[in-house]
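Me: Please take a close look at a single part of this structure and describe it for someone new to it. A plain, connected account is enough.

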Amino acid sequence: MLSVTIISIILLYSLKRPFASITVSEEWKRLFNYGLWVAVGLIVLEWMPLPGFLDILVYLAKYLLVGAIVFVTLTFPELEHKKGMIYAWLPIIGISIITDIFSNLTPEFYKNWESYFKTGEAFAFIWAIAMWIINAKQKKNLERERIKSLEKEKELEITEELKKQLEKQVAARTAELLSQKNELETTLKELKSTQTQLIHAEKMASLGELTAGIAHEIQNPLNFVNNFSELSNELLEEMKEEIESGNYNIAKEIAEDISENLKKINHHGNRADSIVKGMLQHSRVNSGEKILTDLNALADEFMRLSYHGLRAKDKSFNADFKLELDPELPQVEVVSQDFGRLILNLVNNAFYAVHEKKLKLDKEAGGTSDFHPLVKITSTHLGDKIQIHVIDNGGGIPKSIIEKVFQPFFTTKPTGAGTGLGLSLSYDIVKAHGGEFTVESTEGEGTVFKIVLPMKGVR
Amino acid sequence: MNILIVDDETDVEILFRQKFRKEIKSGMMSLSFAFSGQEALDFLAQDNPPLVVYVFSDINMPGMTGLELLKKIKERYPQISVSMISAYGDSENYEKAIDSGAKEFFTKPIDFDFLKNEIQELVAKHKSNKQ
């Protein structure tokens with residue numbers, strides 16, 4: 001028969017050990033160690049010859065110890081997993097204690113019933129083995145579960161790691177995209193402001209080109225104003241003399257001349273005035289306001305400005321120009337400064353083209369060729385449309401580049417001579433008025449720029 | 001004595017006619033006007049030899065410039081005196097004009113007193129030539 005104390009030692013030892021993945025805390029382990037020391041102490045005391053009452057105390061301590069182990073294991077939830085083991089040992093403990101008590105207190109009775117005690121013991125052992133097998137199975141299952149859950153945990157960890165990585169990547173990408181977006185926005189802003197600046201610069205450049213033309217166009221009427229006013233003064237003197245001499249008829253004639261001269265002074269004053277106004281309008285920041293405009297007058301004004309501007313800049317330049325304007329052309333609502341710029345651009349280009357051709361032909365002829373450079377503006381009223389053509393007999397545009405002439409920054413002029421924005425801006429201007437802007441050109445013969453404006457907005 | 005004035009500004013005609021009203025009235029001279037180089041050449045070609053003895057031409061005209069006209073007149077009618085009028089008193093135009101045989105080079109606004117003197121001298125010379 002196993003000693004109860006030995007059972008205590010076995011129980012305490014196995015309580016310390018982990019069950020599958022479950023381990024007890026350090027505090028419990030310490031407690032179990034104390035229990036082991038007590039059990040070892042009790043074994044020593046059992047072997048020692050002790051006086052009667054001490055012997056009884058040792059017995060009581062043995063039972064208390066094993067009882068405490070059973071009680072603690074069954075009571076505390078931390079030791080739940082060891083319950084199976086206690087249940088396995090419980091019959092053996094019971095039999096051991098009963099056998100102990102009976103064999104010590106009533107040896108007679110024990111001897112008579114010993115076979116029954118042994119049978120109980122055997123059953124207790126069978127029970128313990130069965131329980132052990134069940135426990136082992138449970139442990140295996142638990143172990144399997146543990147491995148499974150470990151694997152799951154690992155998977156979860158991997159998934160978590162991947163998720164984290166993804167999140168990091170997403171965050172990085174998002175930040176990248178955001179910074180790219182900001183960068184693009186800044187670039188767009190810069191581009192927009194550059195565009196505005198370029199348009200303004202182009203406008204100012206064409207204004208600069210105009211300066212000489214404007215000066216000439218103002219100087220001419222001013223000369224007339226001065227000449228006619230001086231002349232009128234002289235005529236007044238003459239008129240006085242004639243009146244004094246009594247030649248009233250002649251005086252009357254002179255008076256009529258003076259009146260005509262004053263009309264001329266007025267006319268030329270207005271001419272200068274309208275040129276200054278036109279120039280101011282051209283240089284003003286574009287308000288985009290559409291006003292009723294006489295396109296014939298605009299064409300005439302800017303043709304002259306362009307011609308005299310080019311003349312003043314380049315003494316070798318000369319060309320003829322013609323205006324074939326439809327007197328029935330209705331006024332149209334347009335942004336007049338934009339349209340002025342449009343005509344100026346086209347006419348400047350046309351003059352440039354005929355001049356280049358003239359220079360080329362003169363060179364080939366080794367002197368003066370009989371080429372007659374001509375730039376023409378025609379206007380036509382076509383029902384619900386207005387058509388304006390700017391025609392030149394210059395060198396024409398080669399087929400290979402004619403598609404490109406409306407593209408910004410495309411220019412055939414030498415560096416510094418053109419911004420490459422003129423036609424592109426002209427195109428934008430026509431489009432902004434809902435019109436059509438096309439070009440037809442025959443190499444060596446000349447070019448026609450055609451503007452067709454819808455009549456909506458016409459009064 | 002016939003004088004031809006060439007300028008693309010048509011009001012020049014009124015101006016000159018009034019400036020020289022006395023001279024025209026007295027029959028001392030007559031004025032003709034052309035508003036382009038080509039018109040001037042056509043006018044000169046009407047009579048052979050041309051009646052015109054003096055041409056005043058603006059330089060700055062569309063089509064044929066005054067300088068081109070000057071060359072052509074001097075080629076065809078070397079006896080005709082030609083003076084140039086320019087809005088720009090620059091030396092380049094001046095030299096070109098004088099090299100091509102221009103008699104005088106006037107800058108706008110025209111100094112009419114100087115021009116009158118020039119014409120009076122011309123008339124006097126014309127008269128003495130005739131005598």
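Reply:
**A look at one helix**

Helix H8 of chain A covers residues 336-365, and its 30 residues reach 43 Å from the first C-alpha to the last, close to the 44 Å expected at 1.5 Å a residue. The expected span is 1.5 Å times one less than the number of residues in the helix. Helices (H or I, at least four residues) and strands (E, at least two) are DSSP runs, numbered from the N terminus. The model is predicted: local features need pLDDT of at least 70, side-chain atom pairs count only at pLDDT 80 or more, and totals for chains, interfaces and linings use all residues. Residues are numbered from 1 along each chain as its sequence is written, chains are lettered from A and ligands numbered from 1 in the order in which they are written, and side-chain values use heavy atoms, with hydrogens and water left out.

Within helix H8 of chain A, Arg341(A) and Asp338(A) sit three residues apart, about one turn of the helix. Their side chains form a salt bridge, at 3.3 Å from N to O (a side-chain nitrogen of Lys or Arg within 4 Å of a carboxyl oxygen of Asp or Glu). Arg341(A) is buried at 4% relative accessibility, and Asp338(A) is buried at 10%. Buried means under 20% relative accessible area, exposed over 50%, and partly exposed in between (1.4 Å probe, protein chains only). By the salt-bridge rule, the count over all chains is 21.

Just after H8(A) comes Gly366(A), which takes a positive phi of about 65°.
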